[in-house]
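Me: I am new to this structure and would like a close look at a single part of it. Please take me through that part slowly, and then through the charged pairs elsewhere.

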Amino acid sequence: MKLPIFIADAFTAKAFSGNPAAVCLLENKLDEDLHQKIAKEMNLSETAFIRKLHPNDNFTQKNVNSTLTFVTLSGELKARKEEDGIVLDLPLYPAHPQKLHEVEDLIKTAIGDTLVQDVRYSPDTKKLLVRLSDTYNRSFLESLTVNTENLLQVETSGKVKGLILTLKGEPDGQTQAFDFYSRYFAPWYGVAEDPVTGSAHAVLSSYWSEQLGKKHLHAFQCSNRGGELTISLRSDGRVDIKGGAALVLEGTLTA
């Protein structure tokens, strides 16, 4: 078996930054077990499999469809290409006020005595959003040491499956202005820190749109790879998240 496979960095304009993901092209349907083995071999947070709908379809021909639809455990994810990037079409997930004392042990385990300004919870995604004090800046968030190793022992109820740390953006200055910054951790799924994630921004978009009174947002995820996202909230309860992409590897998977 020989399968074309690619690795692309998303939410970036340059290689070796943003979110790395594998894309495997399939002529025929594979067993689920083989899907998982290939994904494990690639060892990335995302591996997408694109299969022909019809036998006569050809991957070498230009795709005439403006939108690709991916079937995921979270539902359908749609992506479309625009001149300046790729747009992900995602559900917008609200984040509700969360009582601090109910999650205080989790937060202290993760970030110690770091000052917290607000705490929200998204029941649809099981993500906990923690807004750090406005007294901090981007450099603080980037350098913050987050203890993810002990979170599995502290949070065992199943309520929280992802931790978002976020910070209000800074005004125009010497660096590019962003509306907000973030980092995302999901050790409950085996991901200590996700370089850049669209799903967390489907929660962040709802929160920061409410806080800033804006429908269009510019965000930066402060992982060690970094990622830039342009966000537009829609009237139908969904959100468009756009970013660049860079192809870094093209090869053949043999098995």
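Predicted model: local features only at pLDDT ≥ 70, side-chain atom pairs only at ≥ 80, totals over all residues.

Reply: S17 sits in the loop that runs between strand β1, residues 2-10, and strand β2, residues 19-26. Once its neighbours within four places in sequence are set aside, S17 is in contact with D9, T12, R225 and G226. Because its relative accessibility is 5%, under the 20% limit, S17 counts as buried.

Another brings together the side chains of E193 and R183, at 2.9 Å from N to O. E193 belongs to strand β12 (residues 191-194) and R183 to strand β11 (residues 180-186), so this pair ties together parts that are 10 residues apart in sequence. Of these two partners, E193 is partly exposed at 26% relative accessibility, while R183 is buried, with a relative accessible area of 7%.

A further salt bridge links D240 with R234, their closest N and O atoms being 2.8 Å apart. Here D240 counts as buried at 12% relative accessibility, and R234 as partly exposed at 28%. Through salt bridges that share partners, R234 and D240 are joined with R80, E82, D84, D89, D236, R238 and K242 into one network.

Note on methods
Residues numbered from 1 in each chain as written. Heavy atoms only, no water. Helix = DSSP H or I, 4+ residues; strand = E, 2+ residues; numbered from the N terminus. Buried < 20%, exposed > 50% of the residue type's maximum accessible area, 1.4 Å probe, protein only. Contact = heavy atoms within 4.5 Å. Salt bridge = Lys/Arg side-chain N within 4 Å of Asp/Glu carboxyl O.
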